[in-house]
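My notebook is open and I'm about to look through a protein model. I'll jot down what I look up, entry by entry.

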Amino acid sequence: MRKTRRVVASLLAATMAVSLLASCSSKKDTGASDGTQKSGDSQAGNTGDSLVYASGEFNGKFSPFFYETVPDSDMVTQCTAGLLTTDRNGSVVLKGIEGETREYNGKQYTYHSISDCTITENSDGTVYYDFKLKDGVKFSDGEPLTVDDVIFSMYVYSDPTYDGSTTFFTLPIQGMEEYRTGVDTLFNLMVKAGENNTDFSKWTEDQQKKFWESYHKAAEAFVKEIVDSCIASGSNKEGDSIAAVAANYGYPDLKADATAMDFFNAMLAKYDGSVKDMSDKESAGTPFSELMDNYQDFAIGVETGTSAPNISGIQKTGDNTFRIVTTKVDAQTIYQIGIVVSPLHYYGDKAQYDYANNKFGFPKGDLSLIRSKTSKPLGAGPYVFDKYENGVVSLKANPYYDQGEPKTKNLRMSYINQSDYINSILAGTADVANPSYTNEIADAIKKANSNGEVSGDKIYTVAVDALGYGYIGMNSHNISVNKEPGSDASKNLRRGFATIFAAYRDLAVSTYYGDRASVINYPISNTSWAAPQPTDDGYQIAFSKDVNGNPIYTSGMSDEDKYAAAKKAALGFFEAAGYKVENGKIVSAPEGAKMEYTVMVPGSGTGDHPSFMIMTEAQKALADIGMKLTINDLSNVSDMWNKIQAGQAEIWCAAWQSTPDPDMYQVYYSDVANGGKQHGGSTYHYQIEDADLDSMILQARESTDQEYRKTLYKACLNKIVDWACEVPVYQRQEVTTFSAERIKTDTITPDITSFYKWYAEIENLELSK
């Protein structure tokens, strides 16, 4: 189903190589697994000398340029190396050649990478990133890794026709825009020209005919996947019209006799005619490009105007040095600039590389050669790709790995149903797995170990705070008074709900997670350096003050007194929002508001969600004061995202996945000054429209001073809380489980963190037998 497997655009996922799990340039919404995966082939088990990692389902796009799913990205990570790495706190290591020693958990650790980076901020606003490569680094085929490989890789990521998931081309690199303009893909040009085009100066009439035949076939298949997904989820039934399916998918305005193409075009219109953007957001499984039989024939660049021959800010300065010049200070650049370095001799064509004459290993606008190497990766990582069959990727130790050849000579990444992760370790068919750390999983681990603990003689467990957090979201436009989402009345309406929700967080989180999660009070992961701490001045318990700014709760309150106080405070907010109150209950709503709202909880239809209890208790509490809350427990999380993206959601429960840098642009920036045209994401989530918040988000991006940025982000968090569109709920733990029988546990990466995964030092891991 859509949104459960794809990687959101980010170079960080690839660049941090073995030190960081694939992640997003934005905080990404995540939901519960749909539970439909099936186990891999029986040969997935260990073969005596192989380390077996239990993985999600592979898509088979094992390219550092074009991977799309998290399992594929995890596999690519084992075969590749990035320019930079991160430490256990998620901070970038700038001196990787000799290594940087940094303290964590009272211990000193030294971090290495294949380069050094020196950053210089200039008086004219430009920034220099000067890199030096480590001598002697080789790819896994024995060929040396050079500056030319770096420049080749950067030009692939920067090509005007590049449509992979990484976002290097969005960085403020000098000359990037000039290089990418004046070229468009044949695909985009044909879509813009339309089926009835008669100008064949850039393509032939036969090409156009073949294109539209393939396009229509792919569009029909794209819509069919959506129809099938809606039927499978129970949102629709067999025989429902296209219009009925579209309505449940967030497009309610189609005519009754709408066709599949009408539905497809309605989705396309929402994304201003961009098939890629539409496909990335609306696909129910397969990207549009993969549904076209001959997409690659039309992914070629066509000159449409003036275009620079090179990117002036990518400069080769020596045999093993290069410089990146950016036009301004941007805090995100350092996280995205340390790309994965891919071999020119494998992915490109050395005969087409001549830096001095603006030739970079492939024809500008034609990535067909790079795309042809998608199924078999080659890089400078700890392992070498061997084969992929029957749901199992087989890899061998790289004898040329910069940090030393891995001590475990064979690695298998095996597709196994997540519900079978623990059993697979106990059965000896897997050695490492990352199960969802539920009460049931914790109990199963304790039962398996003779000592009754989560780490014992059968399973060794490492738990860390997850790089993200759970929340309850509200759309400010759909929960507002008089269609004024930013008014005090509208904020008070949402505060009424938020006060009730917040009151039941402790109960729900402890019941669902036990001691494996904690309640948080700001909409940011506790793993972030920008997260407010209880010892900070001005730290507040979320939604713990009444309409007059007075504390709702007092020390020593019983739970029942706490819930009663929350209801009284919520009633005060509703009254301030314009609701009429009589005898302790609201009896009528102000204009534009309602007496009933709906919350969506992706609990698989069984209430299996950490916030489900919050909603069931809130439903009763709100009923006591005259407000009806309808709970929609969804079996398919895609149904929720459909409504959120369509702007139809009122309240929902979900979780964000965060990144090492707490940049808030992708979620909360709305570009109010320009009519919200260049929003970061809040337009279809919370629809916050706050010019001050926009300004602070941009200011924080334009500085690398962490203390200054932390102050700004605290102000941003206060603004978000003021809008009452997001109730922070929990910070959960994520767990990595190891076979204590098969692995020498003292060789596992020490002090694993959210930023420094189990495979960060995989070269040191040894099997015990």
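This is a predicted model: local features need pLDDT of at least 70, side-chain atom pairs count only at pLDDT 80 or more; totals for chains, interfaces and linings use all residues.

**Entry 1: a pair of crossing helices**

I started with helix α5 (residues 186-193) and helix α6 (residues 205-233), whose axes come within 11 Å and cross at roughly 85 degrees. An angle from 65 to 115 degrees counts as roughly perpendicular, so α5 and α6 are roughly perpendicular to each other. Which residues of the two helices meet? On the α5 side I found Leu186, Phe187, Met190 and Val191, and on the α6 side Gln207, Gln208, Phe211, Trp212 and Tyr215.

**Entry 2: another helix pair**

Next I looked up helix α16 (residues 488-503) and helix α18 (residues 559-576). Their axes come within 7 Å and cross at roughly 170 degrees. That makes the two helices roughly antiparallel, because an angle over 145 degrees counts that way. I listed the residues that meet: α16 brings in residues including Ala489, Leu493, Phe497 and Ile500, while those from α18 include Tyr563, Ala566, Ala570 and Phe573.

Is Arg495 buried or exposed? It is buried, with a relative accessible area of 16%, and the cut-off for buried is under 20%. Leaving aside neighbours within four places in sequence, Arg495 is in contact with Phe573, Asp722 and Ala724.

I checked phi for Asn482 and got a value near 55 degrees, which is positive in a residue other than glycine. For Lys483, phi is also near 55 degrees, again a positive value in a residue other than glycine. Then I looked up accessibility: Asn482 counts as partly exposed at 35%, whereas Lys483 is exposed, with a relative accessible area of 77%.

**Entry 3: aromatic rings**

How many aromatic pairs are there? The count comes to 52. I picked out Phe58 and Tyr388: their ring centres are 5.8 Å apart and their planes are at 75 degrees, so I wrote the pair down as edge-to-face. The pair links distant parts of the chain, with Phe58 in the loop between β2 (50-55) and α2 (70-79) and Tyr388 in strand β15 (residues 383-389), 330 residues apart. Phe58 is buried, at 6% relative accessible area, but Tyr388 counts as partly exposed at 34%.

Phe152 lies in helix α3 (residues 147-158) and Phe362 in the loop between β14 (359-360) and α13 (368-371), so the pair ties together parts that are 210 residues apart in sequence. Phe152 is buried at 0% relative accessible area, and Phe362 is buried at 6%. I also saw that ring pairs link Phe152 and Phe362 into a cluster whose members include Phe65, Phe66, Tyr157 and Phe168.

**Entry 4: lysines over rings**

I looked for charges sitting over rings. Lys364 lies over the face of Tyr179, at 3.8 Å from the ring centre. The charged end of Lys594 sits over the ring of Tyr597, 4.9 Å from its centre.

**Entry 5: nonpolar cores**

The largest nonpolar core has 50 residues, and Leu83 and Phe168 have the most contacts inside it. Several elements give two or more residues to this core, among them β8 (127-133), α3, α4 (176-180) and β12 (321-326). Which element gives the largest share? My note says α3, with 8 residues. Apart from this core lies another, of 45 residues, including Ala508, Leu571, Met615 and Ala618.

**Entry 6: two last residues**

I went back to α3 for Ser158, which counts as buried at 0% relative accessibility. Not counting residues up to four places away in sequence, Ser158 touches Phe168, Phe169, Met176, Tyr179, Arg180 and Ile311.

My last stop was Asp240, in the loop between α6 and α7 (242-248). Asp240 counts as partly exposed at 24% relative accessibility. From Asp240 to Val227 I noted 13 residues in sequence and 8.9 Å in space, C-alpha to C-alpha.

Terms used:
Residues are numbered from 1 along each chain as its sequence is written. Side-chain values use heavy atoms; hydrogens and water are left out. Rings of Phe, Tyr and Trp (its six-membered ring) pair if their centres lie within 6.5 Å; planes under 30 degrees apart count as stacked, over 60 as edge-to-face and the rest as tilted. Helices (H or I, at least four residues) and strands (E, at least two) are DSSP runs, numbered from the N terminus. Buried means under 20% relative accessible area, exposed over 50%, partly exposed in between (1.4 Å probe, protein chains only). A charge sits over a ring if NZ of Lys or CZ of Arg is within 6 Å of the ring centre and within 35 degrees of the ring normal. A nonpolar core is a set of buried Ala, Val, Leu, Ile, Met, Phe, Trp, Tyr and Cys residues joined through side-chain atoms within 4.5 Å. Axes are lines fitted to C-alpha atoms, for helices over the stretch in contact, and angles run from 0 to 180 degrees between N-to-C directions. Angles under 35 degrees count as roughly parallel, over 145 as roughly antiparallel, 65 to 115 as roughly perpendicular and the rest as oblique. Contact means heavy atoms within 4.5 Å.
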